[in-house]
Amino acid sequence: EAPLVSVVVPVYNAEPYLRECLDSLFGQTLKEIEIIAVDDGSTDGSGQLLAEYAARDKRLKVISLKRSGAAAARNRGIEAARGKWLWFADADDIAAPGLAEKMYRRGEETDSDMVICQANFLDVDGKKTLMKNTLVVNRLPPAEPFSLPDAGTFLFTNSAVWNKLYRRDFVIGKDIRFQNLSSCNDVAFGVLALAEAARICTVREALYNYRIGISGNISASRGRCAANIVMAARYVRDELERRHFR
């Protein structure tokens with residue numbers, strides 16, 4: 001029987017934080033989930049930790065790749081996923097226990113293509129910092145579900161994928177994938193999904209905890225990869241035009 005939610009987790013040398021992340025995923029109140037961990041050529045103890053968890057719970061599927069980057073890992077996870085909904089979590093982050101269930105229920109009751117929740121940002125030690133604009137309530141349309149034209153702007157949320165659930169049939173049908181960049185690889189996926197979604201809904205709770213400032217993670221390296229920002233922007237522009245969005 002297919003799971004309700006497939007959680008895709010790219011893993012690369014995430015050993016210091018991986019156990020806490022996996023515990024938060026296995027601790028979800030929605031039990032009908034699968035966790036697809038794509039080990040992207042880790043050289044630390046991440047692989048052994050994944051093997052330990054996979055031996056304890058059959059809901060974890062581990063896929064091993066040669067070092068290919070987070071985009072390739074996530075795209076491989078999409079190929080392997082069987083769930084009705086896709087959720088892309090990062091290996092150094094922490095999810096609230098009710099995230100999958102609350103977002104899944106909300107998406108089903110509104111027959112939406114995607115669901116967005118609010119998020120907290122954590123420092124390296126796991127302490128909360130200021131909440132950022134992962135969901136800007138005063139820019140949301142008055143009624144849900146809604147589409148991008150109803151909102152009139154992309155600025156009611158960010159392009160990140162970790163605080164969103166996507167209906168898998170929607171992602172496959174609209175051919176939305178991650179761009180092969182070392183950073184900013186989720187920009188195209190996030191923007192194109194927002195543009196293509198006919199029905200978007202929200203859960204206005206901070207259900208995801210995103211860790212910032214970790215040396216080597218994608219967000220920390222973004223400032224060193226300004227060229228990727230330009231390439232992502234150009235790709236999104238061209239792809240929106242190709243898909244007849246103006």
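A disulfide here is a pair of cysteine sulfur atoms within 2.5 Å. I searched with that cut-off and found zero disulfides in the structure.

**Ground rules.** I am working on a predicted model, in which local features need pLDDT of at least 70 and side-chain atom pairs count only at pLDDT 80 or more, while totals for chains, interfaces and linings use all residues. Residues are numbered from 1 along each chain as its sequence is written, and side-chain values use heavy atoms, with hydrogens and water left out.

**Cysteines.** Cys21 is buried because its relative accessible area is 1%. Cys184, at 4%, is buried too.

**Helix α1.** I take helices (H or I, at least four residues) and strands (E, at least two) as DSSP runs, numbered from the N terminus. Helix α1 covers residues 15-26, which is 12 residues. Its first and last C-alpha atoms are 17 Å apart, close to the expected 16 Å; the expected span is 1.5 Å times one less than the number of residues. I noted Tyr17, Leu18, Cys21, Leu22, Ser24, Leu25 and Phe26 as the buried residues of α1.

**Glu34.** I placed Glu34 in strand β2, residues 33-40. Is Glu34 buried or exposed? It counts as buried, because its relative accessibility is 7%. I then checked polar contacts (N or O atoms within 3.5 Å; within protein, one must be able to donate a hydrogen and the other to accept it, and residues adjacent in sequence count only if both atoms are side-chain atoms). The side chain of Glu34 has one with the side chain of Ser6, at 2.5 Å. A polar atom of the Glu34 side chain also lies 2.7 Å from the backbone nitrogen of Arg82.

**Sheet.** Strands pair if DSSP finds at least two bridges between them. I traced an open sheet of eight strands, with mixed pairing, in the order β3-β2-β1-β4-β7-β6-β8-β5. The edge strands, β3 (60-65) and β5 (94-95), each pair on one side only. Strands β4 (residues 85-88) and β7 (residues 164-167) run antiparallel and are joined by three bridges. Across that pairing, Trp87 stands opposite Leu165 in β7.

Key: Buried < 20%, exposed > 50% of the residue type's maximum accessible area, 1.4 Å probe, protein only.
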